[in-house]
Amino acid sequence: MTDATLPNARRSAWIGQSVTRLEDRPLVAGLGRFVADMDRPRQLHARIVRSPHATGRITDIDCAEADAMPGVTVWTAERLGEVPRIPFRATKISGLEPYVQPVLAVERVRYVGEPVAIVFAEDPYVAEDAAETIFVDVEDDNPPILDARAAPGTFLPGISTEPVVVEKGYGDVEAAFAAAAHVVELDLATGRHSGIPMEPRGALAEWDAGRGHLDLWGATKRPHWNRDRLAEMFGLSPTCIDLHEPHVGGGFGIRGELYPEDVLVCMGAMRLRRPVKWVEDRREHMMAANHSREQQHLIRAAVDADGHILAIDETLHHDQGAYVRTHGARVADMSIGLLLGPYRVPAYAARAHFRLTAKTPAATYRAPGRFEGSFVRERLMDAIAQRLAMDPLELRRRNFIGTSEMPYQRGLTALESEVVLDSGDYDGLLTKAQDFCGWNDMQAEAAARRAAGEAVGIGLGFFVEKSGLGPSELVRVTIATDGEIEIVTGAASLGQGMETAIAQIAADTLGADYTACRVIHGQTDRITHGWGAHASRVTVMTGEATRRAATELHDRARDMAAELLDALPTDVILDGGRATNTATGDHVTLGQIAAALDPVSPRRGDRQPGLSAEAWFHNTHMNYPYGAHIAMVAVDTETGRTTVERYAISYDVGRAVNPAMIEGQILGGLAQGLGGALLEEFRYDQDGQPLSVTFADYLMPSSAEMPEVAIQILEDAPSPLNPLGLKGSGEAGVTAAGAAIAAAIDDALQRPGLVTRLPVTPQYLHARLAQFDAGGDA
Amino acid sequence: MKPAPFAYYRPATLEDAAARLADGADEGAMILAGGQSLVPMMALRVAYPSELIDLNTVPGLDTPRVEGNTLVIPALVRHATFHTPDPAFGPTGDLMASVVRHIAHHPIRQRGTFCGSLAHADPSSEWALTATTLGAELELLSVRGTRRIPIADWIDGAMSTTREPDEILTAAHLPLIPPGSLSGFYEVSRRAGDFALGMALVVLGMDGDRIGEASIGLGGIEEIPRRIPEAEAALQGQPATPESFATAAQAAMDAVDPMSDATTPASYRRDLAGTVIRRALAQAATRLPAPV
Ligand SMILES: Cc1cc2nc3c(=O)[nH]c(=O)nc-3n(C[C@H](O)[C@H](O)[C@H](O)COP(=O)(O)OP(=O)(O)OC[C@H]3O[C@@H](n4cnc5c(N)ncnc54)[C@H](O)[C@@H]3O)c2cc1C
């Protein structure tokens, strides 16, 4: 940074700059502290014994051999006694209570991988040796339900495996279908896959019997909510529990929820009076941590002769797995609440059958409901275009909600908030996306290659994301006497770069260097409230709360500086970490100002002591960023293998705090989107045995499978819901990947409507091609 | 993913290893070579060796050599050795250099061994296919002495061999591809580095512009990699053309009895058998001198 002359060039204009990430140094220098790196004196190691059966009534858990091993303690549900089950975050949807998961299986097992016992030992190897000797016998009474479209069965006597059917809609759908020139119907499915963080889960708990205080390390995503629930479960005051977020190797929505293992580790620490450590291994992660995405959609559109959508009718079957977890029915709810994306749909009726099956429980994974919904909606748009012999982009333009209609009331809810599209120029973005990727040249190239015998095609998926979920966030900013700035938030970091983005906003507001900022997150002992990291919310919620607290500090610092500099406050500018009298050029540093505000400083006068401020940001509405994915693929028609050759994403983020980090988020998200589109799937055999429990069977894309990716970040539609215009960017790379890939494969093979399910594996495509050419439906 | 308890032994010589194996084989002692299959299996607790006898400390086993018309590959020759093979290995070295890129990933290839792959006998082992197609002989050592057996008598099922529990595979003897022959390899896997869904390795002896003796090896399709005599017969005396290749591929598709599992049905593998054979043959044909 050159020492520019004030006041014209501001040195501290951090918002919008692709500065390097504050969080990277410890991570690349091997100084990260992940939960597995942490140890407490006298700790025990825990190992979970998991059900090898998909379903059945437990007849015996044979612990005799493990019980006889020196230093080994074994608990089953029976030995544990009455323990509350894992709660969920309530919504208006009722009736989910009977379906929540016990920390250890009670009476029945319901999926392979369900915890049935926990072993504590002095050493993790011994714990695993002991766990292996424990046998669970079950009586198979009913065959496992493995298909959410199969008739519901009995969960408990008198209680079915369909906890709820979520319904949403508006307008006269029947009349619209009756009047329609065309009705287009599709039967589509997305496969079961999930976020697979590089670091599996882990927990380390310590009970201080003297203070009556419990510490839990390994938290992330929702530390405060988890603290409050643990307090309820254990009958402790929330003031007696603290959760601590260490470095976290990825979360993607599945990590940091309250799981049975977290409760068991805490109970072990409290009852055995020794710290307890548990680190999940990869195999158990694949059958214990939340799965996601498995849905089947029957969707119909009523369309007029010009391609205007008149109504959409949607029936969703959501495969929840064996229990309701902390999200309740949110993914099913959100799937139909946000399904319509950017299009004007005059009438809509949707019902989501939320059903339990004998698989690992499911919940949110990066772009929950939107990856699935974008696939379904964009497949539908392509099918309508095909039916009307219309250009698929023109069809989309005809149905886009226009800029003059913003903010647009959907008449639907999602995540307990009314869907109001806050701002957006969908048509404008589509044009920019076409220019950016060189749409016409790509089309010409694909056509030429097809003419030469290759199967090459291009597909587009348009999407609307949602971000900035409230309800609230609290931030405390403190400037120390050395000028360092501490920002404490109850949000969390899963590696997404929030420390840097929040530092940029604070430093920009305060006129300081962003590297002088230290962002503290995920520590319940440092701040009373927090809503964590999910739903692309942190930059919006913590960002705006930070701006508010920093603004207050800015004004207080300037007021003190004016006295120190013998200037009018209006002549003082904060920049470059100091306050400068623009009339004289004299300056004091932020640290000197903080020192002058020391409680006993003679300069303080009757100003508030210290340089620390707190601010809240409350927000009842989400905001809605949007974009387009464009894929170019080549298909090997003989083997069914798809190669993604090129990829472009255009995304309007409202206001880009750090463009390089947004690109990183989008690129990483895309890898996961392509995984879900082409590779990743949790498969089960007919007995409910999971077939994808190692990385040899659950295939994630590697760098070799990633295409060339071009990313365009736009700021045409800042959010009117916060002063900086911020929207989130955590999920944009995932959302429309399935949609774009499916369309590109159809195009490559010149068979519209070919792809009806994800992932498009070579085996699926090989079989599907033969079926399609024989005239069969999916 | 912590292995069950095991003992660990570092032999000084192959004879020492064989003696130790003879003592421990009944309890479950096992040879450790590159560890790239065995160690993950121990971590997953699907393998429970009572003792690991680690060949890595035995000197002199890590370099392949040509003896007459044979390439001798001792027990500790790593996959990566064939990234840039000794020019003395001739066309066989070139072929192996193109095959080796399909085995797992770079770090795994630095440790995993040729002989370990044959001992592990995965249906999708590239080296098992190579050894089968070229007609390798294997050299085995035990306290009872040494023996040599043809590869066809070695693998007797998926992940199963005729090795006696006290035997060590000390070397593979791979006949060198005769000069003037054409060779080709084609593999299909889900991702770079994954085990093959199907692969073919072909060697064509040329008799003028006609195919003389053909070796057509198929891996990943059936439980055991093997040569497909029906496809070989279909090529004998034919010109190397897309038509003759298609006929051979069809003969193989008719002849194979593909594996089937929840992810990959037999019908997929049958079609793939034809595809990989056709493409391996087409690749071999690119080495034909251009027609005048
Ligand atoms: C991610 C991953 C991907 C892979 N992909 C592929 C692939 O695409 N293709 C492929 O072929 N392989 C693949 N492998 C396996 C790899 O090639 C192994 O190296 C190989 O299968 C075994 O060789 P090793 O030397 O590592 O044997 P080890 O793991 O040490 O041993 C394997 C087995 O063979 C026995 N054994 C080893 N050497 C001898 C000997 N000399 N005498 C008697 N018994 C012996 C051992 O006792 C053990 O039972 C992959 C492995 C991984 C981890």
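Tutor: Buried here means under 20% relative accessible area, exposed over 50%, and partly exposed in between, with a 1.4 Å probe and protein chains only; by that criterion, buried residues make up 53% of the 292 residues in chain B. This is a predicted model, in which local features need pLDDT of at least 70 and side-chain atom pairs count only at pLDDT 80 or more, while totals for chains, interfaces and linings use all residues. Residues are numbered from 1 along each chain as its sequence is written, chains are lettered from A and ligands numbered from 1 in the order in which they are written, and side-chain values use heavy atoms, with hydrogens and water left out.

In chain B, five strands build an open sheet, ordered S4-S5-S10-S6-S7, with antiparallel pairing; strands are DSSP runs of E with at least two residues, helices runs of H or I with at least four, both numbered from the N terminus, and two strands pair if DSSP finds at least two bridges between them. Its edges are S4 (65-67) and S7 (145-150) of chain B, each of which pairs on one side only. S7(B) is joined to S6 (residues 137-142) of chain B by six bridges in the antiparallel sense, and B:Thr146 in S7(B) is the bridge partner of B:Leu141.

Helix H1 (residues 14-24) of chain B lies across S6 and S10 (168-175) of chain B, running at about 125° to S10(B); contact means heavy atoms within 4.5 Å, and angles, from 0 to 180 degrees, are taken between N-to-C directions of lines fitted to C-alpha atoms, for helices over the stretch in contact. Overall, the secondary structure of chain B comes to nine helices and 14 strands.
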